[in-house]
Amino acid sequence: MNVFRLAGDMTHLISILILLLKIYATRSCSGISLKTQELYVIVFVARYLDLFTSFISIYNSVMKVVFVTCSIGIVWCMRFHPLVRRTYDKEQDTFRHYFLVAASFVLALLFHDSFTVREVFWAFSIYLEAVAILPQLVLLQRSGNVDNLTGQYVFFLGAYRAFYILNWIYRYFTEKHYSWWISWIAGFVQTALYADFFYYYFISWKNNSKLQLPA
């Protein structure tokens, strides 16, 4: 644990809390991609298969439980909550996310640290997380205008991965034989996908105006 990883974990948690706030306070999931949220459920379940078989720390276990339960709760609300589900725009959220799942699983079978169930699913979760935001970004571009809470959610989600890159750089220079190339490559790809959003986010912040993305 170092300050960059802690900052990454906290920004990730903040992004989820912002999304939950949006859903429960406004009873709306307008502008939120159900496809992206479903991908995150798959990511967390696949990554945390060791939750009940290995123990690292209370902090580690609690964070795993929080991410899994919150992601499942968000999907449940968007699908089954009598008020929230009415605000879901399925006509705009049409990204074929199952292709991302299939491609990530094939990559995990080909490129992994060791050919075991846990390691293959861990690699699968890393590859899938790198592209899980794509349906959300496509939905925001289609809608153009982005409400404040949705913009904050996506910003903190991107900041989480940026902090993790700093964490990897720090560990590379402070730990001997530290190498985690699967996470490195996927992390840089994931951060690059946010580049366009970050640009327009900072423009809107600088001009104190509503966030708008080009169609």
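In the predicted model, the buried residues of helix H4 are His 97, Leu 100, Ser 104 and Ala 108. Viewed down the axis of H4, these buried residues fall within an arc of 65 degrees, so they line one face of the helix. An α-helix has 3.6 residues a turn, so residues three or four places apart point the same way. The cover over the buried residues of H4 includes helix H2 (34-47), helix H5 (117-131) and helix H6 (134-143).

The length of H4 was also examined. Helix H4 comprises 14 residues (residues 97-110), which at 1.5 Å a residue should span 20 Å; the end C-alpha atoms are 20 Å apart, in agreement with that expectation.

At least two residues of the patch are supplied by each of H4 and helix H8 (181-193). The largest contribution is that of H4, with five residues.

Elsewhere in the model, Tyr 24 is located in helix H1 (residues 3-26). The relative accessibility of Tyr 24 is 43%, and Tyr 24 therefore counts as partly exposed. Tyr 24 and Cys 77 are 53 residues apart along the chain, while their C-alpha atoms are separated by 9.1 Å.

Methods
Residues numbered from 1 in each chain as written. Predicted model: local features only at pLDDT ≥ 70, side-chain atom pairs only at ≥ 80, totals over all residues. Heavy atoms only, no water. Helix = DSSP H or I, 4+ residues; strand = E, 2+ residues; numbered from the N terminus. Expected span 1.5 Å × (residues − 1). Buried < 20%, exposed > 50% of the residue type's maximum accessible area, 1.4 Å probe, protein only. Arc of directions from axis to C-beta. Contact = heavy atoms within 4.5 Å.
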